[in-house]
Every structure is written in structure tokens, then in C-alpha cells.
Amino acid sequence: MSVTMPPREDAVLARRDEIVAALRRIVPGEGVIATEREMRPYESDGLTAYRQLPLVVVLPSTTEQVSQVLRYCHDAGVKVVPRGAGTSLSGGALPLGDGVLLGMAKFNRVRSIDFADRVAVVEPGVTNLAVTKAVEHAGFYYAPDPSSQIACTIGGNIAENSGGVHCLKYGLTTNNVLGCELVLMTGEVVRLGGAHLDAGGYDLLGIVTGSEGLLGVVTEVTVRILQKPETARAMLVGFGSTEAAGDCVGRIIAAGIIPGGMEMMDRLATEAVEQFVHAGYPLAVEAILIVELDGPRVECDHLIEQVSGIARDCGALTLRVSTSEEERLLFWAGRKAAFPAVGRISPDYYCMDGTIPRAKLPYVLQRTRALSAQYGLRCANVFHAGDGNLHPLILYDANQPGELERAEAFGADILRLCVEVGGVLTGEHGVGVEKRDLMPTMFSDIDLAHQQRLKCAFDQKGLLNPGKVFPVLSSCAELGRMHVSGGRLAFPDIPRF
């Protein structure tokens, strides 16, 4: 494992048998996994370049069990790493050798559905797609739709503030979660938000969404469900260059049109996907856009005309509009299969995640091509074009000495480029360990210290998912200390408690 993690605590390792026995009393039966062979499936998440066996795996099935596990670990000084389905692409669920891996897979029930209020209450282990499956018979769906939606869980979606192809118009996870039940590291159970539009006081739900398992463990979620639009049609547009496709994206948004989804793939990704799915993608182009318009039929027809005109003005070489629901779904099937499709043309690939202003798309794509030549590694570009959320797939072979390191360096340069043009390090994959050491590229020491102080308010001992997000670990006591210069306190008139 080439990434640096917090040093293991020998005192905790020496008490392993005692810790395992205590956890088995809390979660009896098959709820505790302690043998090396059985723990092996939990050694990494979707970022498989980094692997580490946990101290022990615990699979609770009730909120009370989660509370007791966390309370015990808090009192015993044992670290805890929460885990959903393990689809994270940033190493957010990478275990610790001296820590408990807390798997939430048994929390897999849809508890209630209220179509009148358009909300569903689910457990965090319910998969993203299962929420839509539970409500589609009544004409509803859950809007955020990551490519891994068949496997990723709602709890993991909250941890990473996951997006998807339809989040341009309907928002990320944070825009579609109304409330949650959260267990703190001390074992305390709290409720944030609910089945209502908004809650009074501080936006604690907004803090928890996207917190990457550093603040608490979610055991129940209230999500917003939406009624399916009357009409949805997808456009498949081919361009002679990625720059032309990027320009088209900017012009569509500038015209005041917000598609239900707007995705882009370059030639390398398109060829891989077409061989895998046979979606009918044009192959004699350098980039394709998939643009979906939804709403009343007359509105869709009007918007299709507008987008078609913009695409032609940008030099579109091909333009095809879906004529049936089956064809629309086929267009999207190719895009959603991009990651496994690329896996067929390379032994390994490194999936990045950065977000940029849409107007910078042509420039960033040009710079990415130059970096590809510099590092001698191919790069397939697949991304949420409407959001400016890039997903470059850097192709490499881990069996070739030095290629993994080159892929990591290539990816780091892409992320630095995103920040350079006014973007951010991530859009939906999170920071985890993958982008942790790049955080100073975007944030000052003061920024990072304030973020860590927020973590301290939830987890004073720093036991929840340590080693993730923050490049330098600081204790809460260090962050809270007062600076005394020349024997004089700053602002001595302020009351201190």
C-alpha cells in the first residue's frame, strides 16, 4: 500500500482477542468476522490500488447494535471505519489494520413510502436503484443515479454526496435527502431533518451529507421521491473534436436550457462502450454528447429543436433523437456501462473525479491530452458535462513497473488543473485517501484547521475514519489550543470558558 495511513497502535493490536470477544457479545451469531480469509473481501473499496485488512469486521443489523459498537470502541480507544457497499472510488472505506470495519449491508429495508408527501424512509444499506424500484409502480423515482446505482447504497451516497447523470437538473444527494438518523462515535443517536421541507437551526444535515464517514454512522434515511416526467427523450450528438462538444455544452446552458442530463464521452471511451453494449453510438467522431430533455411533450419538442440548432452551430457531425423509451434507455445504458467497458481494453484503470467551470471544458480537455502524451498513458474521458464533473479514466497495467505511480502522478496533475481553472478536487467521489494529500492545493492551513474543528465537535477522539480527507492529522486538543505571544493573550477582553 503506497499511501501513508495513521500508524498502528500496538496497544490496540495486543488486545485484539479481547476486542473481538466484546464485539461478539454486542453482535452475536455471524455478525463478527475475524479470520483473515473471511475478511479479505473487505480489504479495499472500489479504489483497489490500496488494500489493507481490518482488525475485525462487524455487521450490525439494528441501530442499537451500531450504538453499542461505537460506544464500546469510543471507550476502548478503537478506530472505526464505516462501510456501505464498498463501491467508493476514493478509498473512503479503506480499512485500518488496528480498526473495526463497520459494515452496514444488513440495513437493507425500505421502511415506509408516503406518495402523498413524496418521501420514502429507507435504511442505509438499501441500494440506490432499489429506491426507484420500490416506487416506480406508482410513477415515481429517486433522482440521483450514479453509474454504480445497481450496487451502491444510500448510506454511501450520503457519505460521498453522490451524483449521477440526471443530477444536472434534479440535484445531487444533498438536494434529495430530507432527514437521517445518525449514531455518533459516543453511541448517542440523533435525528437530523425529517419528512418536511427544511429544518430550523444549523444545517447539520448538509454537514453530514458528504462528510465521508468522519462525523457519524447513518442508520436511517428519508429521501425525496419525484414523479416521472410526462415525456423524456434523449439526443445522441457526435462531434469532430472534444473541444467542439465542450463548446456545445456551454452554449446549451448559456441559452437557459437545463437538460435532465448531459453527458460526454471521447472517442476512446465511445469505442469501448459500443463494443460492450452495442448502443448504436457513432464511431467516426471524436466525442459524443447525450442530452436528455424531459417535461411536457410540447416542451420537449421545442427544446429538442433548440438544442439541435445549437449543436449544428457547433459543428455537430451526427445527430440522432430517441424515438422510443427503449431507444432512450439504450443511449443511457452505454453511458452507464462506460466504466466496465473501459475495463475490457486495459488491465487496470484509475478513475479520477474533478469538477471545473463548464466554460473551461475545451481548455481542460486539451491540457489532459497533453498530459496523456507526457506520461505515456492513454486516458478515456467520460463525464457529467453539464455539471463540469470530469471522470478521466487513466489506463495502465499494474504488472508493468512504474505504471501505477505514473497513473497516480497523471491523475494528481489533472486535479491540480481543475483547481487552477477555478474548479474543485471532487464532484461526487469524495476525497478519501486518493485526494487527501492534494487538499492543500485547494485549501489553506487555516481552512483545513477549521474543517477539522468541525470534526472534533462530532468526534472528539478522532476515532471515526481517521487518515481520510485531512492530509495532516491533528488532535482536537492541538486544534483548540490558544496562541500566546509574549505572555499576552490575543483579545484579552473576550470571556474565555
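## Domains and packed helices in a predicted model

UniProt places the feature "domain: FAD-binding PCMH-type" at residues 50–228, in an unreviewed entry. UniProt positions follow the numbering used here, feature names are shortened, and annotations may be inferred rather than shown by experiment. This is a predicted model: local features need pLDDT of at least 70, side-chain atom pairs count only at pLDDT 80 or more, and totals for chains, interfaces and linings use all residues. Residues are numbered from 1 along each chain as its sequence is written, and side-chain values use heavy atoms, with hydrogens and water left out.

Start with residues 50–228. This stretch is 21% helix and 26% strand. Its end C-alpha atoms lie 40 Å apart. Helices (H or I, at least four residues) and strands (E, at least two) are DSSP runs, numbered from the N terminus.

Now take the domains. The protein is divided into domain 1 (10–103), domain 2 (110–227) and domain 3 (230–345). These bounds come from an automatic or database domain assignment. The centres of domain 1 and domain 2, taken over C-alpha atoms, are separated by 24 Å. Between them, 17 residues of domain 1 are in contact with 16 residues of domain 2. Contact means heavy atoms within 4.5 Å.

Next come the helices. Two packed helices are described by the angle between their axes and the distance between the axes. Axes are lines fitted to C-alpha atoms, for helices over the stretch in contact, and angles run from 0 to 180 degrees between N-to-C directions.

Look at helix H9 (residues 242–254) and H14. Their axes come within 8 Å and cross at roughly 155 degrees. H9 and H14 are therefore roughly antiparallel (angles under 35 degrees count as roughly parallel, over 145 as roughly antiparallel, 65 to 115 as roughly perpendicular and the rest as oblique). In H9, Thr242, Glu243, Gly246, Asp247 and Val249 meet Leu361, Pro362, Leu365, Gln366 and Arg369 of H14. This contact has four nonpolar, three polar and three charged residues. Ala, Val, Leu, Ile, Met, Phe, Trp, Tyr, Cys and Pro count as nonpolar, Asp, Glu, Lys and Arg as charged, and the others, Gly among them, as polar.

H9 also packs with helix H11 (residues 297–313), at an angle of about 140 degrees. Their axes are 9 Å apart. Cys248, Arg251 and Ile252 of H9 touch Val307, Ile310, Ala311 and Asp313 of H11. Here five residues are nonpolar, none polar and two charged.

Return to H14 (residues 361–375), which also packs with helix H15 (residues 403–420). The axes of H14 and H15 come within 10 Å and cross at roughly 155 degrees. That makes H14 roughly antiparallel to H15. Residues in this contact include Tyr363 and Leu371 of H14, and Phe410 and Leu417 of H15.
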